[in-house]
Amino acid sequence: MSMKKRFFALIAALVFCLSLAPAALADSSVTYKGQADKFVFAPGSEYSLTDLFENFKGVMPGDNLTQQIDVRNSADKNVKVKIYMRALGAQPGSEEFLSQMTLNVRENGGSVLFDAPADETAQLGDWVCLGTFYSGAEVTLDVTLNVPITMDNDFQEAIGYLDWEFAVEEFPVESDDPKTGDETPVELYIGIFAVSVVVIGALLLTNRKKEEQ
Amino acid sequence: MKKRIVTLALIVALIAVAAVGSSAYFTAQSKETNVITAGNVKIDLIEMQLPADGGEPVPFENVDGVMPGASVSKIVTVKNTGDNAAWVRVSVAKAIELREGVAGEADLSLVSFDVNREYWTEQDGYYYYNARLEPGAETEPLFTAVSFAAEMGNMYQESTATVSVSAQATQVVHNGGSALEAAGWPAETEA
């Protein structure tokens, strides 16, 4: 093989590996995409389209597993949002299985948002603000699942469903806010356009009346 | 007239600004469902035999008319049918039921089997498989034949010998470095 061919083969292999990397490293995500699409949850699973617990499948007694969840504001326009979350607990029929294990949720590896049996709502019984997100901003939730070694055979192949809820409030970006994303003042342009249309219409109407007189 | 136009324009401008202002306070709320599933440990106990006329092993069936000194093909293995690696152990129980009306106590040592001690270790009444059994894998045979001693006398005529095999499995993860060290053995699975 010539040097040139080897070089291209190496480049092709590198490109292939890099193309696989994002899939292998991908976290779960909660993405706010603006008023039209609202929240999008990924990756989902065969059990739930909004499932964020990709790493918590087929858990075994003694397991200590982690799942990172990125929460981000990807709204197209330049909006500032506050994102909140709360836990709604286990769905009916899942309580016994989920009560066997504990969940711990930390924000950016720091403050603990939740630390209790997985069937409970605990510290997330009420809305908790995850922060103010400018366009493109995100935080990471580090979720740890601890399954006790004592969990017995009754729970082999058990499936537990637990609900979380996310809420968002949009706020206008103030002049002293950090500048992020697309800063085109679309709303201002719309306002000026509306005023202009009305003024021109009024002028035309006035002119016509003058001519008639 | 000009004053009216200016007033009208101002009102429209205010309405436009108000519309822009109110659009900045939208809210949204979405519920999502997370799922946790538990894994499994599953095995099948497999008993096969070689047909008398040769060929591939077939599922084991009871054999009649066995004579002293004979050997019966019985190949015992365990297959991991679950999703996780497992430690495996097997117990074997022998019994001889003498013909009705025959007095005496049967000597169980006259029935034996050729345990494969390269892959299996006997301890506490069980045979422990020396290696972890990966999902979909099958063990080496625990034994391949049951032998009836030539010393079996007339008292064993028309008697019934039974070799009962049962297998157990427990998870490999977080559970010791070998089957001998493992804990959490479940109830037995009889063949």
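Two strands are taken to pair if DSSP finds at least two bridges between them, and strands themselves (E, at least two residues), like helices (H or I, at least four), are DSSP runs numbered from the N terminus. On that basis, four strands form an open sheet in the order S7(A)-S4(A)-S9(A)-S1(B), with antiparallel pairing. This is a predicted model, in which local features need pLDDT of at least 70 and side-chain atom pairs count only at pLDDT 80 or more, while totals for chains, interfaces and linings use all residues. Residues are numbered from 1 along each chain as its sequence is written, and chains are lettered from A and ligands numbered from 1 in the order in which they are written.

**Confidence**

- For the complex, the predictor gives an ipTM of 0.79 and a pTM of 0.77.
- Chain B has a mean pLDDT (the predictor's confidence in each residue, from 0 to 100) of 90, and 84% of its residues reach 70 or more.
- Over residues 17-24 of chain B the pLDDT is below 50, and this stretch has seven contacts in the model beyond near neighbours in sequence, where two residues are in contact if their C-beta atoms, placed from the backbone, lie within 7 Å.

**The contact between the chains**

- The contact takes 51 residues from chain A and 32 residues from chain B.
- On the side of chain A that touches chain B, strand S2 (39-42), strand S9 (159-171) and helix H3 (186-212) of chain A each supply at least two residues, and S9(A) gives the most, with 13 residues.
- By class, that side of chain A has 31 nonpolar, 11 polar and nine charged residues; here Ala, Val, Leu, Ile, Met, Phe, Trp, Tyr, Cys and Pro count as nonpolar, Asp, Glu, Lys and Arg as charged, and the others, Gly among them, as polar.

- S9(A) is joined to strand S1 (residues 27-37) of chain B by 11 bridges, and the two strands run antiparallel.
- Along this pairing, A:Tyr161 stands opposite B:Val35, and A:Val168 has B:Ala28 as its bridge partner in S1(B).
- In the four-strand sheet S7(A)-S4(A)-S9(A)-S1(B), the edge strands are strand S7 (128-133) of chain A and S1 of chain B, each of which pairs on one side only.
- Neighbouring strands of this sheet are turned by 25° against each other on average, direction ignored, with axes being lines fitted to C-alpha atoms (for helices over the stretch in contact) and angles running from 0 to 180 degrees between N-to-C directions.

**Strand pairing within chain B**

- Strand S2 (residues 43-49) of chain B is joined by six bridges to strand S5 (residues 75-80) of chain B, running antiparallel, and B:Met48 has B:Ile75 as its bridge partner there.
- Two bridges also join S2(B) to strand S3 (residues 58-59) of chain B in an antiparallel arrangement, in which the partner of B:Gln49 is B:Val58.
- A further open sheet of chain B has three strands in the order S4-S10-S7, with antiparallel pairing; strand S4 (71-73) and strand S7 (111-113) of chain B stand at the edges, each with a single partner strand, so one side of each is left without a neighbour in the sheet.
- S7(B) and strand S10 (residues 145-148) of chain B run antiparallel and are joined by three bridges, with B:Ser147 in S10(B) as the bridge partner of B:Ser112.

**Nonpolar cores**

- A nonpolar core is a set of buried Ala, Val, Leu, Ile, Met, Phe, Trp, Tyr and Cys residues joined through C-beta atoms within 7 Å; a residue is buried if 20 or more other C-beta atoms, placed from the backbone, lie within 10 Å of its own, exposed if 12 or fewer, and partly exposed in between.
- The largest core has 41 residues, of which A:Val81, A:Ile83, A:Leu98 and B:Ile36 touch the most other members, and strand S4 (residues 80-90) of chain A gives the most to this core, with five residues.
- Leaving aside its neighbours within four places in sequence, A:Ile83 is in contact with residues including A:Tyr32, A:Phe133, A:Phe166 and A:Val168.

**Backbone geometry in loops**

- A cis peptide bond, with omega about 15°, joins A:Ala42 and A:Pro43, and A:Pro43 lies in the loop between S2 and strand S3 (64-73) of chain A.
- B:Asp124 has a positive phi of about 55° although it is not a glycine; this residue is placed in the loop between strand S8 (120-123) and strand S9 (126-129) of chain B, and B:Asp124 is exposed, with 8 other C-beta atoms within 10 Å.
- B:Glu158, also not a glycine, has a positive phi of about 60°; with 9 C-beta neighbours inside 10 Å, B:Glu158 counts as exposed.
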